[in-house]
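Please keep the sequence and the structure in view while reading.

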Amino acid sequence: MKSFLIRLAFNNALRKKIWSRIAMQLKYGVPLLIIFQNLAKQYKKNAVLSAIFNDIYEEYKGQGLAGALKQYVPYDELMLIESCESGGKLHEGFELAERIINAKDTIRKAIRSALTYPSFLFALLIIILLLAAFVLIPGFEGIANPAEWQGFGYLLYAVSSFLGSVYGAVFGIFFVFGVAFTFYSFPNYTGEYRTFLDKFPPFSIYRMIVGSTWLFTFSSMMKAGKQQVDILHDMASSDISTPYLKDRINKILENFGKKKFGDALLLADTGFPDEELINDLKTYAELPEFEDKLYKISEDWIKQGEQKLMEQAKIVQTACLVLITVIIIGIILAYKEISMSLGGI
């Protein structure tokens, strides 16, 4: 319950605001201890936030910055702040942590935008089918034998009968179970067929989302002064990394000591984070100031990922609209055929 209240109170939006203010004040020479003390006073009317900042203030005096923040801040943000602190550029750590949150928010907004309308259309499609099964067809059964209907009328009756039967209920249960299992497999399945599945939606979309976030985090930590191999080892051992991400990172690490970053991604043979991007990174890795280039590439790739999500969503939207149109036309034709068979009712 405590961790839930912390996540609710010290959320992404508030952390962005706090990190920005801390970075600004550090630039102007305000000691971090004073900053935390002032934050505790500022949020004294909010019991949860006041307790958080008071605890950070006390822990910072005894355990340092990493010890003070570790139970309140996501691992990737903490690593950036800690890396920049050790490099003597603490304000940059808070700036990079703010950018990590912005990058994740961009991806989340793209996902919500991409899924909202297709989800509405799919729900509408299910409602139309259920109305036909439990309202339209039963209304005709009292005055005619549906088994004698022809064409679209009989097809509508067959579909409605299936949906209203035990078999339809079993199909619905298996469908829901299949959707739930698919969502579970996104972060957890790492078997031999995962690389193949990652080539096709929806697994390719998940790969793109995770890959863009991972690359931005990786490049941000490089920008903070952390060594590439140390970043990968930290990510692979982190509790917040999913089995899928750990598997991809470990495959990169298998070749990382012998090869450069782009080559290690290619030899991992997983297509992670993206096959076209891997070929580009092989070229960029040979150029000077690769750290700065990779950071800019990761920013651009998040924007491209947002566009790809919207493109995928448009495909799903079109498919749903076509299905809804076909079903509505089918219901209209079925109604006409049934009415004619009943003598124009």
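How far apart are the axes of helix 3 and helix 4, and at what angle do they cross?

## Helix 3 against helix 4

The axes of helix 3 (residues 32-42) and helix 4 come within 7 Å and cross at roughly 165 degrees, where axes are lines fitted to C-alpha atoms, for helices over the stretch in contact, and angles run from 0 to 180 degrees between N-to-C directions. Helix 3 is therefore roughly antiparallel to helix 4, given that angles under 35 degrees count as roughly parallel, over 145 as roughly antiparallel, 65 to 115 as roughly perpendicular and the rest as oblique. The helices, like any strands, are DSSP runs numbered from the N terminus (H or I and at least four residues for helices, E and at least two for strands).

The model is predicted, and local features need pLDDT of at least 70 while side-chain atom pairs count only at pLDDT 80 or more, although totals for chains, interfaces and linings use all residues. Residues are numbered from 1 along each chain as its sequence is written, and side-chain values use heavy atoms, with hydrogens and water left out.

On the side of helix 3, the contact (heavy atoms within 4.5 Å) is made by Leu32, Leu33, Phe36, Gln37, Leu39 and Ala40, and the residues of helix 4 include Phe53, Tyr57, Tyr60 and Leu65. By class, this contact of helix 3 with helix 4 has 11 nonpolar, 3 polar and 1 charged residues, with Ala, Val, Leu, Ile, Met, Phe, Trp, Tyr, Cys and Pro counted as nonpolar, Asp, Glu, Lys and Arg as charged, and the others, Gly among them, as polar.

## The neighbouring helix pairs

Helix 4 (residues 47-69) also packs with helix 5 (residues 75-86), at an angle of about 150 degrees and with the axes 8 Å apart, and these two helices are therefore roughly antiparallel to each other. Leu65, Ala66 and Leu69 of helix 4 meet Leu78, Ile81, Glu82 and Glu85 of helix 5, a contact that divides into 5 nonpolar, no polar and 2 charged residues.

Helix 2 (residues 12-27) packs with helix 3 at about 140 degrees, with their axes 10 Å apart, which makes helix 2 oblique to helix 3. Their contact, which includes Ile22 and Leu26 of helix 2 and Phe36 and Leu39 of helix 3, has 7 nonpolar, 2 polar and 1 charged residues.

## Nonpolar cores

The largest nonpolar core has 49 residues, and Trp214, Phe218 and Leu232 are among those with the most contacts inside it. Such a core is a set of buried Ala, Val, Leu, Ile, Met, Phe, Trp, Tyr and Cys residues joined through side-chain atoms within 4.5 Å, buried meaning under 20% relative accessible area, exposed over 50% and partly exposed in between (1.4 Å probe, protein chains only). Helix 10 gives the most to this core, with 11 residues.

Leaving aside neighbours within four places in sequence, Trp214 is in contact with residues including Leu232, Ile249, Phe261, Phe272 and Pro273. Apart from this core lies another, of 31 residues, among them Ala9, Leu26, Ile52 and Tyr57.

## Backbone features in the loops

The peptide bond from Phe272 to Pro273 is cis, with omega near 5 degrees, and Pro273 sits in the loop between helix 13 and helix 14. Asp269 is found in the loop between helix 13 and helix 14 and has a positive phi of about 60 degrees although it is not a glycine; at 61% relative accessibility, Asp269 counts as exposed.

A cis peptide bond also runs from Pro201 to Pro202, with omega near 5 degrees, and Pro202 lies in the loop between helix 9 (194-197) and helix 10.
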